[in-house]
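Hi,

Here is the structure you asked me to pass on. Please open it first, then read my notes below.

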Amino acid sequence: MGRKRKGRDISGWLVVDKPAGLTSTAVVNKVRWAFDAKKAGHAGTLDPEATGVLAVALGEATKTVPYITDALKAYTFTVRLGQATNTDDAEGEVIAESSDRPSDEAIKDALLPFLGEIQQVPPKFSAVKVDGQRAYKLARDGEEIELAARPLWVEELILVDRPDPDHVVLEMTCGKGGYVRSIARDLGEALGCHAHVKCLRRIWSGPFDAEDGISLETLDDLAKSPELDTYLRPLEEGLADLPELTCTPEGASKLRNGNPGMVLASDVEYGEEAWASYEGKAVAVGQYKSGQLHPNRVFVG
């Protein structure tokens with residue numbers, strides 16, 4: 001029999017404004033400690049030197065993590081022109097240089113092919129697995145690795161500032177699995193001048209904004225106090241991109257037991273994924289079929 005995990009049965013989302021210098025896992029561990037929570041997880045890794053939105057789910061909200069992971073996200077980042085690095089960011093070793101500096105118009109034109117459904121090769125220093133091992137580990141060991149291209153939806157990619165000839169500030173909105181470092185690297189190649197990411201900030205992720213995020217200093221100051229709980233957001237916010245259906249009392253009871261339950265009429269199409277609520281609280285997520293929700297995730301309330 002497994003050992004019972006200690007901590008509180010507390011559920012909800014905490015939006016953290018992650019500082020540079022910490023891994024996403026380290027932030028999740030700190031949040032779990034501060035809330036004395038049994039269970040916690042995050043929706044979308046940020047590189048250690050990146051800042052901004054890290055959405056941390058506690059308790060039952062961890063069941064909604066996939067919906068935030070799959071949601072659109074926005075980043076603002078500074079690209080250093082004229083240098084390529086082995087990590088595609090400022091932490092790496094410079095491996096190529098160029099004295100060419102493209103004009104603003106050339107940069108804007110070069111951004112256009114990055115829009116829509118693109119194929120992107122992850123950085124060699126990334127958490128992608130190669131034959132069961134993380135790519136960054138193989139890269140650190142000096143092994144030559146070839147990573148396969150992956151699809152990425154880029155909703156928007158614009159130039160927002162050009163502080164000097166060596167730097168451009170870009171803003172990107174994209175789907176799941178995007179590597180900003182790859183965008184900078186590939187942009188440098190397209191412009192013929194090499195490039196890497198100098199700094200990166202995730203400004204929003206699904207329904208969560210960086211400006212609403214709690215700092216780690218505040219998290220430390222309020223750790224294990226009732227006041228910290230006031231920063232917790234309802235788990236239902238993690239379902240914002242899914243249509244909501246309202247349960248009947250009988251339907252809610254059946255859904256909580258993992259069975260199909262009746263929901264009130266709506267414009268949700270047959271087979272569409274949706275979530276059901278009763279008295280404002282999430283009961284289950286599943287597929288809508290002929291007046292019932294067939295659950296695949298059930299929330300303990």
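Predicted model: local features only at pLDDT ≥ 70, side-chain atom pairs only at ≥ 80, totals over all residues.

Domains first. The protein splits into domain 1 (12-71 + 207-237), domain 2 (73-197) and domain 3 (242-298). I looked at how domain 1 meets domain 3. Their centres, taken over C-alpha atoms, lie 27 Å apart. Domain 1 brings 6 residues to the contact, and domain 3 brings 10 residues.

Now the area. The size of an interface is often given as the accessible area lost when the parts come together. Here domain 1 and domain 3 bury about 570 Å² between them. Carbon and sulfur atoms account for 54% of that. On the domain 1 side, the most area is lost by Lys63, Tyr67 and Glu236. Together these residues make up 85% of what that side buries.

The side of domain 1 that touches domain 3 has 3 nonpolar residues, 3 charged and no polar. Between the two domains there are 0 salt bridges. Polar contacts do turn up: 5 residue pairs across the interface, with both residues at pLDDT 80 or more.

Last, the sheet. It is open, with 5 strands in the order β14-β16-β17-β18-β15 and mixed pairing. β14 (244-246) and β15 (261-262) are at the edges, each with a single partner strand, so one side of each has no neighbour in the sheet. Strands β16 (residues 273-278) and β17 (residues 281-289) run antiparallel and are joined by 6 bridges. For Ala276, the bridge partner in β17 is Ala284.

Best wishes

Note on methods:
Residues numbered from 1 in each chain as written. Heavy atoms only, no water. Domains from an automatic or database assignment. Contact = heavy atoms within 4.5 Å. Buried area = accessible area lost by both parts, 1.4 Å probe. Salt bridge = Lys/Arg side-chain N within 4 Å of Asp/Glu carboxyl O. Polar contact = N/O pair within 3.5 Å; in protein donor to acceptor, adjacent residues only side chain to side chain. Nonpolar A, V, L, I, M, F, W, Y, C, P; charged D, E, K, R; others polar. Pairing = 2+ DSSP bridges. Helix = DSSP H or I, 4+ residues; strand = E, 2+ residues; numbered from the N terminus.
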